[in-house]
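Subject: The two-chain model, handed over

Hi,

Here is the structure I promised to pass on to you. Have it open while you read, and look up each residue as it comes along.

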Amino acid sequence: MAKPMHPTPNLDQLESGPWPSFVTGLKRLAKDKDYMVDILGHLEHSYQTRKGYWKGGTVGVRGYGGGVIPRFSEIKDDAGKPVFKDAAEFHTLRIMPPPGMHYNTATLRQFCDIWEEHGSGLIAFHGQSGDIMFQGATSENVQPAFDAINDMGFDMGGAGPAVRTSMSCVGAARCEQSCYDEAKAHREVLNTFLDDIHRPALPYKFKFKFSGCPNDCMNSIQRSDMAVIGTWRDNIRTDEALAKKWFAKHGMNELVNDVVARCPTKAIQIKEIKDVRKGDNFSSVAVNDSQALEIDNKDCVRCMHCINVMTGALATGVDKGATILMGGKRTLKIGDLMGTVVIPFLPLKTDEDYEKLVDLGQKTIDFFAENALEHERTGEMIERIGLVNFLEGIEVDIDPNMVSAPRMNPYVNTIGWDDEVAKINAKKAAA
Amino acid sequence: MNAPTPAAPLRKAVECGVPDNTPHLHPTMLKNYGNWKYHDRPRPGVLHHVAHSGDEIWTVRAGTQRQMDVFTIRTLCDIADKFAEGFVRFTIRSNIEFMVADPKKVDPMIVELEKNGFPVGGTGNSVSMVSHTQGWLHCDIPGTDASGVVKSMMDELYNEFKTEEMPNRVHMSTSCCEINCGGQADIAIIIQHTKPPKINHDMVANVCERPTVVARCPVAAIRPALVNGKPSLEVDEKKCICCGACYPPCPPMQINDPEYSKLAIWVGGKNSNARGKPTFMKMVASGLPNNAPRWPEVNAAVGNILRTYKADARPWERLSDWIDRIGWPRFFEKTGLPFTKYLIDDWRGSRANLNASTHIRF
């Protein structure tokens, strides 16, 4: 039995309503732990005054420079002592999940036992960077908690100016739209940079994210420095039985309005079966006895829309790999940046292909470490030095797929033009 | 005198990295890894995947509160052990998924989940769980709470989570400061400060690396100054855009204010490449009060946008696709949201957001 609860009139109001209540969970923990009684008091104080009261500090585990998010209470009495003394320290351990965030229940139960013993009993699945967040431990308990978690085969995630914990989608484990082995890529890349994860020494954070297809369920293009997004080079596959089944259920109006009309490059047409074009670039599938969908794959930009609507009837190709985009991030400091194409297509089938992916990550991190200013993200660095200089640094050739349009101002000295043409021609001749 | 007890040898961290996911995969998923053919959705909250081998797997998705106590996690494990062969996974929006190879287990599992308070849904064209941040519970710089705002919103959107009645999927996020850890979304609720930081000049010299703080400011509004004989910082309040970037490296630059830290609403973020290219979200409302514990004004504004989108968008239009079709003036007209001067961009690159055409819908 823990000590009596503080009154929590604000938090109490978050126990009503149908959605699962985190407050009810906190109160359940507070039945056994003075720690959580004071955490509820601390949070209620924030609700009453509409301000936060945690400050950072320096807490870690032996051998690592990061991964623990230290929190010390700032609610103090006149003597400078914490008012909620049992909640004076509320540190979080960031732990890296398995790719795709899959768990067997034995693992989850063991996490619960460890965190009940050493911590608050509160775990977030997951933080915004993808970590399992073991929320709430005293400074003294951080090391034993980590030791127990580490003994299970789980390791600390990133914090501060470091390579950060990564995320990958459910991918090949359960999704037909998967274009590479996301888990393999995730592990091979991240586990190459464990030193950069655990001992923050980069100019600023660096995030990798892995999405198996252009639906980008991991939101990698907007929030990772290096986004690995699955795609394919060959034709969309078709399945006539599933196409006819879809059409029988949805009809011509939906086929026209929801599939054909929504293709961003008008690569899909409805045709009489006899008029369907045949050839290397075309996919087609009958939807009834007289009509078929025809896709000109040369015009398809692999947006996923038609495949999302007619799942199985239309499917990704088999010559699979990834498009790699770099420099995505949110606002601070220069404004939002979308990742932009650095590698239009990297095949991801053989072990050597995955080694190339790791190598690209290594070159990018090396260049970032050498050239970014303090507190500058990769996208901001690219904006400052220009994409061409960045590409030279990571030894990647330029490609028209990297731009949405060529230059629209004359402010450049093109004296080297002929040399560049000669280099391109020499490369073509050598290929 | 007793000899001192030798200290136990210190355990060294095993730098094992990202763990292998195969021990955590349902056997049907492991067997058909990379070999799935298609999926459909038998009902909201349930996915049905079919492999090229002919194997099938059903997934039941349920909402959680994200910050979970061990008792809640154990309850979820009990359900997984009873119905789902002891395997689960979490989605990026903190929904939990249970996979079963036997379709007969689906309905009883749904009953069990709902009985224990976990809503089944979040698939397809639903409003999924709000992805969110830490807030007052744990963050060192929060202007508001996260879990509480999300709880309040999901109580209101409960039926939209459990059904698939939206034109397309709706992803939402909340963020307790302008760093926006919650991320881009169809609808995002983000703190928007409206007063420059109040500086505790007694603390700056001891706590802050002043050149770092000066360098953080996006508009060069901060400069070193001597205040009351102490080295400190001063803010040119005419230049200050109240972004709060100076606060994380220098807590004495107090940006959070119970009254003047407001909430803004952003719409139209989309990370998927489906149809149009990915988009960033745009601000459509600000000045909403940070009204804990249930944020009724935010709920009303979000509900209004969602109702308007639901009534007016065509099938498969995400919020950004819908606005592309109807245009921004019509968005403001239909939602009744006031279009104020603060919504006209004046940051770098802003001219790209102006209408350079005669394309006007009358």
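Predicted model: local features only at pLDDT ≥ 70, side-chain atom pairs only at ≥ 80, totals over all residues.

Residues are numbered from 1 along each chain as its sequence is written, and chains are lettered from A and ligands numbered from 1 in the order in which they are written.

**Chain B as a whole**

Chain B has 10 helices and 14 strands. Along the principal axes, the C-alpha atoms of chain B fill a box of roughly 95 × 75 × 35 Å.

How much of chain B is buried? Of its 362 residues, 51% are. Buried means that 20 or more other C-beta atoms lie within 10 Å of a residue's own; with 12 or fewer the residue is exposed, in between it is partly exposed, and the C-beta atoms are placed from the backbone.

You'll also meet "contact" a lot: two residues are in contact if their C-beta atoms, placed from the backbone, lie within 7 Å. Take the contacts in chain B between residues at least 6 apart in sequence: 65% of them join residues at least 24 apart.

**Domains**

These bounds come from an automatic or database domain assignment. Chain B is split into domain 1 (22-115), domain 2 (135-194 + 258-344) and domain 3 (198-252). The C-alpha centres of domain 1 of chain B and domain 2 of chain B are 29 Å apart. Where those two touch, domain 1 of chain B gives five residues and domain 2 of chain B gives eight. On the domain 1 side there are one nonpolar, four polar and no charged residues. For those classes, Ala, Val, Leu, Ile, Met, Phe, Trp, Tyr, Cys and Pro count as nonpolar, Asp, Glu, Lys and Arg as charged, and the others, Gly among them, as polar.

Chain A has domain 1 (9-151), domain 2 (175-209 + 323-430) and domain 3 (237-315). Between the C-alpha centres of domain 1 and domain 3 of chain A there are 51 Å.

**Where the chains meet**

Here 96 residues of chain B are in contact with 103 residues of chain A. On the chain B side, the elements giving two or more residues are β1 (36-43), β4 (67-69), α2 (70-83), β5 (87-90) and α4 (147-156). Which of them gives the most? That is α2(B), with eight residues. By class, this side of chain B has 46 nonpolar, 30 polar and 20 charged residues.

Strands count as paired if DSSP finds at least two bridges between them. In this pairing, Ile123(A) has Met68(B) in β4(B) as its bridge partner. Leaving out residues up to four places away in sequence, Ile123(A) touches Met68(B) and Ile73(B), as well as residues of chain A including Phe111(A) and Trp115(A).

**The core**

Ile123(A) comes up again in the largest nonpolar core: of its 215 residues, Ile123(A), Ile324(A), Phe98(B), Ile187(B) and Ile265(B) touch the most other members. The largest share, seven residues, comes from α2(B). Such a core is a set of buried Ala, Val, Leu, Ile, Met, Phe, Trp, Tyr and Cys residues joined through C-beta atoms within 7 Å.

Most residues other than glycine have a negative phi, and most peptide bonds are trans. What joins Phe125(A) and His126(A)? A cis peptide bond, with omega about 0 degrees; His126(A) is in the loop between β6 (122-125) and β7 (132-137) of chain A. Ala292(B) to Pro293(B) is also cis, with omega near 5 degrees.

Lys266(A) is not a glycine, yet its phi is positive, about 55 degrees. Lys266(A) counts as exposed because it has 10 C-beta neighbours inside 10 Å. Trp316(B) has a positive phi too, near 75 degrees, but Trp316(B) counts as buried because it has 21 such neighbours.

Cheers

Technical notes. Helix = DSSP H or I, 4+ residues; strand = E, 2+ residues; numbered from the N terminus.
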